[in-house]
Structure formats: structure tokens, C-alpha cells
Amino acid sequence: MALAARLVSRSRQLYSAQAALANGGATQVRLYAKEADRTPVNGDDLLKGIFFEVKKKFETALGVLKKEKITIDPDDPAAVSRYAQVMKTVRQKADLLSDSERIKYTIDTFTKGIPDARTYLNTLQEIRIKSGLIDDMGAEAMMMEALEKVEKEIKKPLLRSDKKNMGLLLAEFEKINKKLGIRKEDLPKIEEELELEIAKSELTELKKECVEAMEVQLKREEFKDEEMPDVKKLDIRNFL
């Protein structure tokens, strides 16, 4: 799963970075699009707003989990698929960011207002390093080489507002994506497969925690004659 996660995360990051570079960082994630238009608030009001926002999201997510049936069986593809769908519903209802949206928001936020392509790419590298990510595909070096090629050709620094010459850079980026075996049209399918792998991993961990909790309970005197129930038959809605 780690390989698939790294592939889809890095692929999303590349396409998000390249898209943001092309449009000058003008596009923001929906949750933060109107941030600049908000009326200034003091520290207490800001913290209060954050608290109520988090509380609202938590209650919304809990409301979904109280309604939707989850079968704790990581070995059943149907149960894994169902769990993945429920968690997707949680994100949608609670208006939580997906992995690709988080990547896009981070890139947009930290590169907003950067006028030239070189500073943009350097900032992108700083974001990756601070996030603890490893560029094991060597994409950053290849993108910088592409920029060097374009700037040598146009004989001046490349500005993000220079649509014509930015088109040359994006064409070079597409060559890089092809070399790395990354196709934009494949990303939705890869991400869907990744979500199922993550769902299976989370169900496996949930099953382990349930078994451990029940084993602890069965060691207590009042439960010594009880048999451990089948985890697959547990309904977590009864415990929320």
C-alpha cells in the first residue's frame, strides 16, 4: 500500500503543482476561497470560530457513522468497499478535504503571489522538504532542468503571467510526466484503488483494537464465563 500511496500522492502533487504554476495560483480550495474577504476578528473570536467549526464537522461525521452500517471484516471485499464509501460520505458531509485537495491547498497557499517560475519551483521544493516527503522519482530536478531549457530559449526569466512561454514549460512538464509513467487520466482509478487499500488497512486496525478490547474485558471476573463475540457481528453504531 505504501508504494501505491506514494505514487498517487506524488502524481497528484505534480499535477497540482503544474496547474498552480500555470494559473498563477489564482485558484483556491473552496473552503478558503473567500478567506481574504472575511471581516478581521480578534484572537478570542478566531479561536471560538475554529472551535465551533471543528465541533460542527465532528458532529456531522458522527451523525453519518451513527446511521451507516459498517462490517468489521477486512477480508471481505464488500465490507471494505462499504467502509470506503461510508468514509467518503463522511468527508463529503463534513466538508473535509481529500488528499488531493489538501495537496492543492498547501501548494496554492504557499505559492500565491509568486511572480516567476523559478521561485515557484524552489518554494515547491521547500514545501516538500518541510512535509517530510522524498522526491524519489527525481521530478523536481527534471522540472528545474525543463525551466532552464525554456529560459535559455527565451533568454529571460520566465514569469507565470507569460502565458505563451509558460505553455512551453508545461509542454516540457508533460514530457516529464510521460517519462515517469504518470497519466492524468489514470489518477481517478489509482486513487479509487488506493482508497480501498486504505479502507482495508483501517478495518484491519479497527478489528485488532476491538479484539484487544474484548480480550481485556473477558479477563475481568464478571465476564469470565462469557464467550468472545464475532467481531464481524458487532455494530459500532451501538457504541457511538
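Helix H5 (residues 117-130) and helix H6 pack with their axes 10 Å apart and at an angle of about 175°. Here helices (H or I, at least four residues) and strands (E, at least two) are DSSP runs, numbered from the N terminus. Axes are lines fitted to C-alpha atoms, for helices over the stretch in contact, and angles run from 0 to 180 degrees between N-to-C directions. H5 and H6 are therefore roughly antiparallel to each other; angles over 145 degrees count as roughly antiparallel, under 35 as roughly parallel, 65 to 115 as roughly perpendicular and the rest as oblique. The model is predicted: local features need pLDDT of at least 70 and side-chain atom pairs count only at pLDDT 80 or more, while totals for chains, interfaces and linings use all residues. Residues are numbered from 1 along each chain as its sequence is written, and side-chain values use heavy atoms, with hydrogens and water left out.

On the H5 side, the contact (heavy atoms within 4.5 Å) is made by Ala117, Arg118, Leu121, Asn122, Leu124, Gln125 and Arg128. On the H6 side, Glu140, Met143, Met144, Leu147, Glu148 and Glu151 take part. By class, the contact of H5 with H6 has six nonpolar, two polar and five charged residues. Ala, Val, Leu, Ile, Met, Phe, Trp, Tyr, Cys and Pro count as nonpolar, Asp, Glu, Lys and Arg as charged, and the others, Gly among them, as polar.

The structure holds 13 salt bridges, a salt bridge being a side-chain nitrogen of Lys or Arg within 4 Å of a carboxyl oxygen of Asp or Glu. One of them joins Glu151 to Arg118, with the closest N and O atoms 2.6 Å apart. This pair links distant parts of the chain, as Glu151 in helix H6 and Arg118 in helix H5 are 33 residues apart. Glu151 is buried, at a relative accessible area of 13%, whereas Arg118 is partly exposed at 26%. Buried means under 20% relative accessible area, exposed over 50% and partly exposed in between (1.4 Å probe, protein chains only). Arg118, Glu148 and Glu151 are linked in a network of salt bridges.

Ala79, Val80, Ser81, Tyr83, Ala84 and Arg91 of H3 meet Glu195, Leu196, Ala199, Lys200, Glu202 and Leu203 of H8. The residues of this contact divide into seven nonpolar, one polar and four charged. Between these helices, the side chains of Arg91 and Glu195 form a salt bridge (3.4 Å, N to O), and the two residues lie 104 residues apart in the chain. Arg91 is partly exposed, with a relative accessible area of 25%, and Glu195 is partly exposed at 28%.

Confidence is given by pLDDT, the predictor's confidence in each residue, from 0 to 100. The chain has a mean pLDDT of 81, and 82% of its residues reach 70 or more. Among the elements of the chain, helix H6 (residues 139-154) has the highest mean pLDDT (95) and helix H1 (residues 2-23) the lowest (54). The pLDDT is below 50 over residues 1-8, a stretch with 12 contacts in the model beyond near neighbours in sequence. Where pLDDT is low, the predicted coordinates should not be read in detail.
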